[in-house]
Amino acid sequence: MFKIVKREQFSPVTYLWKLEAPDIAKAAQPGHFVIVRHGDRGERVPLTIADFDRQAGTITLVIQAVGKTTTALMGLKEGEYLDDLAGPLGRARSFDKVKKVVCVGGGLGVAPTYPQLRQYKQNGAHTISIVGFRSKDLMFWIDRFKAESDELIIATDDGSFGVKGLVTGPLQEVLDRNPDLDEVLAIGPSIMMKACVAVTKPRGVKTIVSLNPVMVDGTGMCGGCRVTVGGKMAFACVDGPEFDGLQVDFDELLARAKRFDSFERESMRRLREQHQCHLPK
Amino acid sequence: MEAPTRPKKTIKTIAKTKTAMPEQDPAVRARNWNEVTLGYTEDQALAEAARCIQCKNPGCIAGCPVAINIPGFIQAIENRDFRKAYDVLAADNVLPAICGRVCPQETQCEAVCIVGNKLEPVGIGRLERFVGDMALKNGWSLATSVKRNGHKAAMIGSGPASITCAVDLARAGVDVTIYEALHTAGGVLKYGIPEFRLPEKLIDRELEALKGLGVKVVTNAIIGRLFTIPQLMQEMGYETAFIGVGAGYPNLMGIPGEGLNGIFSANEYLTRVNLMRAYQHPQSDTPTGMGKKVAVIGAGNTAMDACRVSIRMGAEEVYCVYRRTKKESPARAEEVHHAEEEGVKFNWLTAPVRILGDERGWVRAMECIRMELGEPDASGRARPVPVNGSEFLFEVDTIVYAIGTSANPILAQTTPGLKLNKRGYIDVSPDTQMTSIPGVFAGGDIVTGGATVILAMGAGRKAARAMLQYMGIAAVAEPAHQTKG
């Protein structure tokens, strides 16, 4: 059982949990993920760690209610307990030798980009951040990004704040201005990471992406999270979830992400029905 | 209790065949998740126990990887002293209801049963299950009154190897903690073996024995990530650790098209259905994502499980595809037989060479090639050789790979000095199960590669003996054979 010591609602569908998990906080590194599960019939959902505090013994997750589980979990309140939290999982990487980096976070991916940005900064890198949201009211953690970025660019799809459009526009512009970049980190929806790679690949800039395929156990047991990287099969849970973006087969990743769409829609429909039953007449 | 005198049994006076065990009709069971075999009634158990001739030099005990006193427990059944039968069994095996169901007795105890030389061997597995079930029904359990000796040991993984090791250490007074990566204990028993062969509730009840012995179980603890082995040994005060993490790292074939949707490892498929209860979806949250025409590649026990699960999940057609013939298939004969009865179709001497998808990225067919048997290979089995030009299209929408597993790399990545063999499994001393790191032992599938529950248990037991010695604890003369209930 893991206590939700702090809860924030970022938007109607996005929320933050700070969870009491001292052992995980101690072992966590930027890029790691956890598996969350709740209830006797609950599924296992992988979520990238958005922050960890070793002193306080907590980890932070930012969750978007996209399916049945993440929607149902939105109902857990501050002070309540999550049944299962397993991690940290995945391979951590080295931040050494990076002098100049661009960190691109898109939507929910802004959250797990943060501990990486902080690590780059701590290691002395010049940090340029590009964060993208659909609109102004979905923005979060701008202050945190400001504190760790030498340069911060905010983009919104609808132009309600900052640069209008996707993150790829500013990315292109930043690449043009900074021929001395060591690497680009891009975290967000697969389609966004694919688009970022489309910008960086022609220039041959090293690009790290954090993939989020469907997983069951998250420990290498099921192989459901397999992705093709450099023509070879890899398991995102134990070989990743971070990979060399220039080598990732994004089309396959996007197709595989649709594996359970019809089931998810059905589960959501049932969840809505159940909720309606409980509404007062 | 004095055994009642009865005429001495000989091979000539006993029933020639095993007492049949009732089972669900194939047509009925193919549509439900209840157990296929129903277990002996008391009368049936007594009839079968009467077939054991209590040999002076029995073969069965040596045929059992954990050396259960088989004639002893069968004698107690015959005497209708079921409680004693359990005590004798539990002295060597804390999981009799489980082992009675999933052990391949036909290649172990029953293969060397003296009665089996002339007639059908004694149904040892069925009798073990009878006693195990009786113990669960009556709440018999293991002794708790073990004096702690201050020694501490960690088990990594909570499958059969670790459980056996934990119990043996706990019975000798060691303070044991089991670390399990998943949200529930049991390892392969939970994620790998389907409900209709081994009900989940039964596993949980049999694992209660651990609690009775004071063994602590920590779930959601991935050793190698949450804690490393050096941490366990240096910071957390464990004098010794046992690695029993299994070999759950699925193999694929490496043929074109494996990234398509509708292709599963048997691990994923069975984990979804068993551990995550997809068989109850949508009441449970996890779906399988399977289609209607399923091909299972491979013909081992896992393949049979995947086939039989598919039937119950409502697949319209289920094919077992294997590159050799029925004769070479590694599954238990009983499993193949059950699968056939339930409507699984077998395609022997067939191997997929590539997988074809539709425009949406889902499987639509496999291209297969016919095989023929050639000279024996290193395993002693006839080598399958492709027949040139025999390629054909096999239309399916779901493919499950049940072609074995490899070693999970997480522990090795984070444990400096842990020596692996060429196949990536952990190297151990054959006498003690100790790894290249002093005090760290290993056993089960992570050492041998995929094998059986009972072999893993045997390895756990062997390691426990060596771990006691390592900690300087005199091997308990007669490990708490007393049980209470």
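In strand S12 of chain B, Met366(B) is the bridge partner of Ile355(B). The two strands concerned, S11 (residues 350-357) and S12 (residues 363-376) of chain B, pair in the antiparallel sense over seven bridges, where pairing requires that DSSP finds at least two bridges between two strands, and where strands (E, at least two residues) and helices (H or I, at least four) are DSSP runs numbered from the N terminus. Together S11(B) and S12(B) form a hairpin with five residues between them, and in its turn Gly361(B) has a positive phi of about 90 degrees. The model is predicted, so that local features need pLDDT of at least 70 and side-chain atom pairs count only at pLDDT 80 or more, whereas totals for chains, interfaces and linings use all residues. Residues are numbered from 1 along each chain as its sequence is written, chains are lettered from A and ligands numbered from 1 in the order in which they are written, and side-chain values use heavy atoms, with hydrogens and water left out.

In chain A, seven strands form an open sheet of mixed pairing in the order S12-S11-S10-S9-S13-S14-S17. Strand S12 (163-164) and strand S17 (242-244) of chain A stand at the edges with a single partner strand each, so one side of each is left without a neighbour in the sheet. Within this sheet, strand S10 (residues 126-133) and strand S11 (residues 151-156) of chain A pair in the parallel sense over six bridges, and Val131(A) stands opposite Ile154(A) in S11(A).

The contact between the chains (heavy atoms within 4.5 Å) takes 43 residues from chain B and 45 residues from chain A. The area buried between them is about 3,800 Å², of which carbon and sulfur atoms give 53%; buried area is the accessible area (1.4 Å probe) that two parts lose on being put together, summed over both. On the side of chain B, Asn220(B), Arg225(B) and Asp285(B) lose the most area to chain A, together 17% of what that side buries. Three salt bridges are counted between chain B and chain A, a salt bridge being a side-chain nitrogen of Lys or Arg within 4 Å of a carboxyl oxygen of Asp or Glu. The side chains of Arg259(A) and Glu268(B) meet in a salt bridge with an N to O distance of 3.1 Å.

Over all chains the structure holds 48 salt bridges. Asp92(B) and Arg461(B) form a salt bridge whose closest N and O atoms are 3.8 Å apart. Because Asp92(B) lies in helix H5 (residues 82-92) and Arg461(B) in helix H17 (residues 453-470) of chain B, the pair ties together parts that are 369 residues apart in sequence. Both Asp92(B) and Arg461(B) are buried, with buried meaning under 20% relative accessible area, exposed over 50% and partly exposed in between (1.4 Å probe, protein chains only). A salt bridge also joins Arg312(B) and Glu342(B), the closest N and O atoms being 2.7 Å apart, and both Arg312(B) and Glu342(B) are buried. These two residues belong to a network of salt bridges that also includes Glu23(B), Arg29(B) and Arg197(B). By contrast, Asp427(B), which forms a salt bridge with Lys419(B) at 3.3 Å between the closest N and O atoms, counts as partly exposed at 28% relative accessibility.
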